[in-house]
Amino acid sequence: MPRRPKYADRIDELNVAYAAMTAEVGASYLDLWPTPADGRGALRPEFTLDKLHFTGQGPRMGRDPA
């Protein structure tokens, strides 16, 4: 999950590695990074107050509010 921009490249590398590992064993991998990320590697402001922890909106990210 996104945390701070300084970790973005490393987290992206890990997500790619996790996807490759799960594919090797026939499992599925869901990369949650794109939805809450702000494009710089931090959490989007609508999902956090302190740039680290999710608010109540975090767990519902990407869901239709209806």
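The model is a predicted one, in which local features need pLDDT of at least 70 and side-chain atom pairs count only at pLDDT 80 or more, whereas totals for chains, interfaces and linings use all residues. Residues are numbered from 1 along each chain as its sequence is written, and side-chain values use heavy atoms, with hydrogens and water left out.

In the chain, Asp 31 belongs to the segment after H1, where helices (H or I, at least four residues) are DSSP runs numbered from the N terminus. Between Asp 31 and Val 16 there are 15 residues of sequence separation, and their C-alpha atoms lie 8.8 Å apart in space. The side chain of Asp 31 is joined to that of Asn 15 by a polar contact of 3.3 Å, a term for a pair of N or O atoms within 3.5 Å in which, within protein, one must be able to donate a hydrogen and the other to accept it, residues adjacent in sequence counting only if both atoms are side-chain atoms. A polar atom of the Asp 31 side chain also lies 2.9 Å from the backbone nitrogen of Trp 33.

Side chains of opposite charge can pair when their charged atoms come close. The structure holds three salt bridges, each defined by a side-chain nitrogen of Lys or Arg within 4 Å of a carboxyl oxygen of Asp or Glu.

One of them joins the side chains of Arg 10 and Glu 13, with an N to O distance of 3.2 Å. These two residues are separated by about one helical turn, because they stand three residues apart in helix H1, which covers residues 8–24. Arg 10 is partly exposed at 48% relative accessibility, and Glu 13 is likewise partly exposed at 48%.

Another salt bridge pairs Asp 38 with Arg 40, whose closest N and O atoms are 3.2 Å apart. Here Asp 38 is partly exposed, with a relative accessible area of 24%, whereas Arg 40 is exposed, with 57%.

There is also a salt bridge between Glu 46 and Arg 44, with 2.5 Å between the closest N and O atoms. Glu 46 has a relative accessible area of 41% and is partly exposed, and Arg 44, at 26%, is partly exposed too.

Notes: Buried means under 20% relative accessible area, exposed over 50%, partly exposed in between (1.4 Å probe, protein chains only).
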